[in-house]
Each structure stands twice: as structure tokens, then as C-alpha cells.
Amino acid sequence: MVTRGRLPLSPRDFLILLILTRGAQHGYGIIRASEEHAGNEIRFDPANLYRALRRLDREGLVTVSSDPSDESEGAARRTYALTDEGREVVRAESARLARLTDTARAWRLIPDSGRGR
Amino acid sequence: MTFAARVYRAVLYLFPRAYRERYHDQAVSDFDALFRERSVRNGRFGAARFACWCLLRALGGAFGEWAFTLNEAKGPPAAARTRPGLRRGIFGMRHDIKYAARSLAKRPGFAVTVVLLLATGIGAATAVFSVVDAVLLRQLPYPDPDRLVYLEEGAHPPADFADWEREVESIATWGGVFSDEVDITGAERPDRITVGRVTPDLFDLLGARATMGRLFASEEHVGDPSVAVVSHRFWQARWGSDPELLGRQIRVGDRPLTVVGIMASDFVVPTGLRGRETAVWTPLDLLDPDIQGRGYHVLNVVGRLAPGVSVEAARAEMELMNERFADLYPDSHRARDGTYARTPVVTLEEAEVGGVQTTLLMLMGAVGLLLLLACVNVANLLLARGADRTRELALKGALGARRANVFAQLTTESLLLSLAGGLVGVGLAFLGVRLFEILEPGVLPRTESVGVDLRVLGFALAISVATGLVFGLVPALQATRVDVNAALKDGSGRATAGRERARIQGSLVVSEVALSLILLTGAGLLFHSFVRLTRVDTGFDSAQLVTVDLQLGDPYDVESRIQFVEELTRRLRVIPQTRAVVAGATLPFQYATGGTCCFQSSVSTPTTEDGQEVRTLLHPVTPGFLSALNVSILSGRDIEPSDDGVEPVPVVLSEHAAERLFGEEDPLGQTISFSSRQARVVGVAGNVQHESFNRDVRPELYMPWKVRGPDIPYLNFAIRTDLDIGAVAPAIRAAIWDLDPNLPVPDIVTMEGRMARSVAEERFYSVLLATFAAVALLLAAGGIYATFLYSVRQRMREMGIRLALGARRGDVVRLVLRRGVLLTAIGVVVGLGAAALGARLLANMVFGITPHDPLTYTVVSGVMGLVALAACLVPALRAGRTDPLETLRAD
């Protein structure tokens, strides 16, 4: 499987990939989306976000493309999108986390979401 | 772009070029957008917090990125690796920290030295920053302080104020304070205090609150109600914070006032409004008939700008007002030469701290140099230590550690050291701030809030991290360039990197000398200037002279003042060991720190043409004044008792006045006129530096005290005594209170004390800079000594061989010294150049010399040279004492 050896993902990587499942984004968009969905728990600063994105690109989970239609300050903005591999990895990781939380729920560590046993 | 984004952009320059080419602009623009959005959402502090977090993360990212880059240089990562580069996450970092701590613990002496060096630099920088922060950076403690403005050029007439309040549109709210020196009497001892009479809106404008009771009601600003608000400090000092004071009556200016409130302790009145000294506030009635004169300049004015109006607009509107008033009231608002009174509008902040900005920034620069010097020293030590670890690092390399990891390891060590240094430094900063509170002579505004608080701690943390990266970078890069093979083969650990290391150390020594020299030059200039200042010939003898300044206000009149002076002179003469007792309307150095001295008048001779009168200081003095002060009588005589009531008035001119009025002619016996009086010159006295050390000498005239003296309440006694002030002051006070128990006697000081106070500011900065320079000299000497000691040790083998081959010990010593001389010379030249450039900043602070004073520069270079040579002499001598057999054997 393509995902062997890649899991578990670090929380930051996971969040980035998760955000990108909703569509390609610029760096700024990723930070804003993370503020919305992860609040104060996981935060990105611009400089290190780009380092993480570059790494994910090298690992083949994300692609970078310049969007010529969106010119800001002379340099074309970069857009980041999930590759198929990336999509598989984030799905696999979500499933892994879901299994863990199921166990936690079964052991009464977190409350039921109300969906019945 | 916001300022925060600019800073962020600057920090991102720490990243390697490859990263920057791809991401720099984008990251900065993202940060800018996020920062703006945070400002709107979370306000200033939320945005500031976000900015600080991003900056710190960027620093960490830079370090990680460099490690990544170095690793990349070794070749592309294996494709199947999950985490190429330095992705060890927090586990890796913890390992680094543990390893660093262990490795430092193995050399505790080294670690402690480095930490102390850094603590000195960081502590000093933090202490100075806490002052700069409190005085310059922090906002004024009033509601909406950016909208507050101050009307300059002294005090203004209350009648003008009333008009401005009505008519000026760009300033919405106006507030003013009329400060006066008044006596407070009553059960406790009499004292002279500053009373501030305030207009209705002043307290609101400044957000004042009462901690007990209340402030004034608007009805109380009409008529003359007898109410008062006491300042917190005065309440503590005079009544020991007695809560029973509320509602009681106090006797101020011979009037009973009811205390209706105590001001909150955190209320800080701007210095422009005499806030520091004001003890009691009373309400001011702007319609009070006594203060309606258009020439009655008594009100210090602040205001709040109307919403949306800029300071420039207010300034422009006030200029138009000034012009209008000059036309409406030419007698009071226009000068003889046609110019009119101006009231420039400046922001309150500018009025408060504008004057000290340059000085404080200069201090910050000086302490920054000190910190840099400490860093250079530490870098030097680390380089030396890096050499000792060559084998250890080579081994690690051979066993597979990546350069990046080693680099990260060493940088972690540096950061650990610098953070430890920062911790100790903060402790030193606390001490420094305490010392500052004790020693600061009161010239800086807003010093109440100086302290080590969260912001200052944040600064300390930031510079600790920064210094760690600065001094750690070069040695770490150097150390990781080790050639593994050569290092392992060469048993004693001397790699070819040693030559490069020596070169770097050499340039570090040069920097140390240069940096020290800059600080020494600054200190030298201030010191030289201070000496020049205090060596100015004052024209009188200030030793063993005790002064008392009194105010004989109501109920004294001319007759009773004359009686008082005669009686008190008699009583003071009786005090044992008193040589002379004289009095005058003012004494020298009384107004050294500001205010206008003395009566002045235009003096003319019968032959003076119109417009050529000489503006002269007039001194009403009791007989024998000049002899008592030991002013030289150049011709004629002093004022004598028989001069009382004589017409024309017998006067003594100062040499300067005589020259201006009579030129080469003999002034004795000549007639002059001033203030519609006729006078006859009976003596010429030497010039006296009447106002302060650095003001130009003015023409002066001495006349019998009973002429004009009793017209004013101000009176000063000068007593030449063989006793010291502790012994004679109680006797003086007793004599005064015997005559009038209700007379406040606030100040009995020696003349020398007064003179010292007049230069307190110059002394303070001199001492401060001298301290920095002394520490810098110590650091430089220590650094040079350590560097040469180390280099001699490294070259032991070479020395041994030379000696074995027949070199004399003196030659070996000279070899070492030659390098020392060369490096010192280069350092001195560079330092002098830099000092000469920077000395211009001190142009305003030096007296009697230029910022490029050759004597100072020469002396300072000489001192630096000697110290540097002394520092490398000991290692040189040690080199000479090498035993060739020992070294050759030990190889």
C-alpha cells in the first residue's frame, strides 16, 4: 500500500491535507481554514507552513502550481492541491484516527456522539 | 505594509537563499494580511501576540531550514525515506537539549564563564531597555493618549485660555493648571509646596480618579470655594496616609481648605504641568478677576483633539489665533520688534519625551555595543572550544551523524548558554533598575513606571535567543567543516582548520578592540566635557558656604522684611564658627536648572545712545556680600552699611558690565541710570558665573539690598562657616523659627551641593557611559587574554621546536607580541574610525570640546593599546617559558 510507512501523520501534516481535500488552496487560505476548523490547537505561521508544504510536495502528497490568473506583487501565487496519493493517505489516516476514537468511545473516555451504540 | 510585517520580512532574511527565492515574498504578504485581520478581530494586543509568535517560530524555522540546507548539500535524500532532512520533531529536540546539557556540564568552568559574560551584556541591555520602554515606548497613561496635545512656549494667560476654549474648533476639550509655590502650615512643620489650580476639565482629560473621597464638582470652579484634593505622594509623606485627613481642614497659603479627596496613586501628571511636585490641587475659576490680565502667563495648557482632526490642523488653527491675538492685544502679545507670542501645538507625548529621545537612543546604542562585545567574546571562546572538540565531532561524523545534526547540536548548546545567560541577565537587570532608581537625578520624565515587567522580559528573551544564534552560528559552521580523516589521523587534534580558526579568532580580537574603543571614546568625551564644565571659573569661592532660601510672602511687607533681614543676620552671626552672613535677592546657581534668574534692567550711561542700553542682571545684596563670597574686587570697594539710603545709589559693576558700559574708561565715580534711578559706581568686581557652569557670563550690577530687595518676597542667605552642614543647619533653622515659627525652611544646602545639582544630568550620563566603557575594557582584555593564551597553547609544539633549534626565549615572546600589536593596531584604527562617525551623536552633550577632540581620542587609544598589550603579554611570556623537552615529549 502506498500509505505504508507514512502513517501516522503529524497533526500539522494531517490538518494541511485535510484542508486540501476541500479543494486547492493558497498558503493564506490554508492558515485561515485551519483557524476556522482547528482554532487555537494547531496554528501555522507563514514561514514554517511553506516549509511543510514543500516537504509534502517532495513526498508526493501535494502538488504545487502557479496560478497565473492570480497575480499578487508581481509573483504568481502558488496553489497547493492534493495528489491522488495524498488523498489516499489522508483517508487512511482519518480511518486510523477513527478507529482509535471508536476504542476511546467504547472505553467511555469520550462521550458518545449520540448516534447510538 | 505594517510595521510588524516589515520586521517579519527582516527576520526572514535569516533563511537560506534557496528558501527565500521561493517563499519570502509570499510569506511576508501572508503575514501582513493575517496581522491586519488579527488587528481588526482581536485588537492591538491580540495582533501583537500573534506577531511575536510568528517571529519566534520564524527564528526556529530559519535554524531548521539551515540544517535542512546543509543536509541537502550532501546529496539528495533517499526517495523511500519517510522523513528526509531533519524531521525528528520534538523527540529530536529533546535529545539535542539533553546532549547539550551533558556536554556543557563536562566543562563547567567554560559554561559558567560564558553564561556570566552573556549575563553582563543581556542584563545591561535589558536594564537600559526597561528605561527606554517606560520613557519612550509605552503610551502615556491617559485615556486615548494619542489625541492629547500640549501648548508650548511656557505658560499662557487664563483670559486667552477662556477664549480658546470657546472658539478653537480643532481642540475639543481644554485643560490647564496654574502652579504656584505656597506655604503650608498647621500642626506639622511648615513647608513650601506646589499647589496646582486646575480648570474644570483637566482631571477628566487626564483620566484622574480619587482613591478616597472625590474630585471637584463643576460648581466648585466658580467663585472661591475652600476645597482641595491632596496628591497621593504628599498624603503619604506629610500625613502618613492617614484616612482621617478626608474632610479635615489644612492651612495652605494662610487659608483653610477642606480636603475633599485624595488622588489615586497611579495618577501621573505630565511634567509640563509640574506634575511631579504638585502636592495639592484646588479648583480654578477662569473668571477670577485677579487673573484676567492678558500678560498674566500662568496657565500650562493641554487639550484633546476633536475627533478626526490632526495635530497639524490644530497647529495651523492656533497660529491663526496667535496672529489674531497679537492684533487684538498688542501690549501683551507683541514684542518691541514686532514678533508676536506663539503657542505651538505638539502632541503631549512629544512634549514629555521629545527632548530625551536622542540621549536614550544613544544609551541603547552604547549598551548594544556592550552586548555585541560580549557576543564576540563568547564566539571566541566557543571557537576555541570547538577546536578542542575536533576529535569528538570527527568521530561522530565517521559514525554516520549528518552534518546537519551536528550543526543543530551545536546551535542547541549555544541557545542553552544564551538562555541561561538571559536568565541570570534578567536578575542583573533587576539590580540595574534598582540602582537606576536610586541614582537618576530626576532629568528623565516618566521614570515612575521603570521596572522589569512582561514586556521587558519579552525583550530579554528575544535578545537571548538572538545572541545565541549570533555567537553560535560562526563557530558551529566552522566546527562542522571538520575533515574527518585528517582529524582522526592527527592524534593531537590539530586539523588544518586550525589556521582558518586562527584567522577568525584574529578578526574577533580586532572587533573586540574596536568595539571597546568606541565605548571608551564616548565615555572619554563625556568625561572630558564634564571636567571642563566643572572647572569653569565661577568667580567666587564656593567652599564652606551654606545657603538658605526663604520666601517672605504675606503677611510680610517692605518694612517687616527689612526688620526680618536685620534680625536674622544678627542671630546668624552669633552661631559659633560663622565667618560671614550676607543675603541677596538671588544667589549664584540658584536657577541653574531653569527658570529666570534675577531682576534685569537696561542700564545706560549719560553718553549711551538710545537702543544701546546694556541688559544687566541686578543684584540687591546686603553689605559685605562680595567679600563674603570672595568675589575679587578689582577697583573701588564692596557695598557697605553706610550705603543705605544714599542717593545716587552706590553700585558695584561686574568687570563685564563695566567694559560694556564704559569701555576703556575708568568707571569709578561715574553715573549710570537704570529703572528710572540714578546710581554711582563705587566699585568693580570680578565676573561671577551666576546661573550655571555653561551659560555665558552676563553683565551684573550689585546694589544695597534695601533698594528693590524688600519689594519681593524672595530672599537668600549665604553663610560662610567652618562647621559642616549637618552641624550648622539645625542652628540656622532654630534662628529662623525663633523669629517666625510659621516660615517654611525647605532648603538648607551647601553652595557646592547646589553646584553639583546643577550638573547632575551631565554627571549621570558620564558615569553611566564610563561604567559601560569600563566593563567593555574588562571584556576586551579578558577576551584578548583568553585568545592569546589559547593560541599559545595550541602552538606549544611549534614553540618547543623553535626553542630546541636555538631560538632565544625573547624571540618567541616577541613572536607572540607582534601578532598582538598588529591586531590591536588594526582594532584601534577601525575603532577610532567608527567612534569618529558615531561621535556626532554626542555633539549636544559635550561642553568645551568638539566631538572629535584630539586629546580624548589620543588618550583613549593609548589606554586601549596598553590594556590590549598587557592582556597578551602574559601569554607571550608563558610562551617564552616553554620547556622544549616537555612539549616534544608530550607529542
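## Close-up views of a two-chain predicted model

**View 1. Chain B, seen through its contacts.** Among the contacts in chain B that link residues at least 6 apart in sequence, 83% join residues at least 24 apart; two residues are in contact if their C-beta atoms, placed from the backbone, lie within 7 Å. This is a predicted model, in which local features need pLDDT of at least 70 and side-chain atom pairs count only at pLDDT 80 or more, while totals for chains, interfaces and linings use all residues. Residues are numbered from 1 along each chain as its sequence is written, and chains are lettered from A and ligands numbered from 1 in the order in which they are written. Chain B holds 26 helices and 21 strands; helices (H or I, at least four residues) and strands (E, at least two) are DSSP runs, numbered from the N terminus. Of its 891 residues, 42% count as buried, meaning that 20 or more other C-beta atoms lie within 10 Å of the residue's own, again placed from the backbone, with exposed set at 12 or fewer and partly exposed in between.

**View 2. Lys396(B) and its helix.** Lys396(B) sits in helix H12 of chain B, residues 390–398. Is Lys396(B) partly exposed or buried? Lys396(B) counts as partly exposed because it has 19 C-beta neighbours inside 10 Å. Val406(B) is 10 residues from Lys396(B) in sequence, and their C-alpha atoms are 8.2 Å apart.

**View 3. Chain A from end to end.** Chain A has four helices and two strands, which follow one another along the sequence as α-α-α-β-β-α. Of the 117 residues here, 26% count as buried. For contacts in chain A between residues at least 6 apart in sequence, 54% join residues at least 24 apart.

View 4. The average pLDDT of chain A is 82, and 81% of the residues score at least 70; pLDDT is the predictor's confidence in each residue, from 0 to 100. Within chain A, helix H1 (residues 11–20) has the highest confidence, at a mean of 92, and strand E1 (residues 62–72) the lowest, at 70. Where pLDDT is low, the predicted coordinates should not be read in detail.

**View 5. Where chain A meets chain B.** The contact draws 17 residues from chain A and 18 residues from chain B. On the chain A side, helix H2 (27–38), helix H3 (46–58) and strand E2 (75–82) each supply at least two residues. H3(A) gives the most to this side, with five residues.
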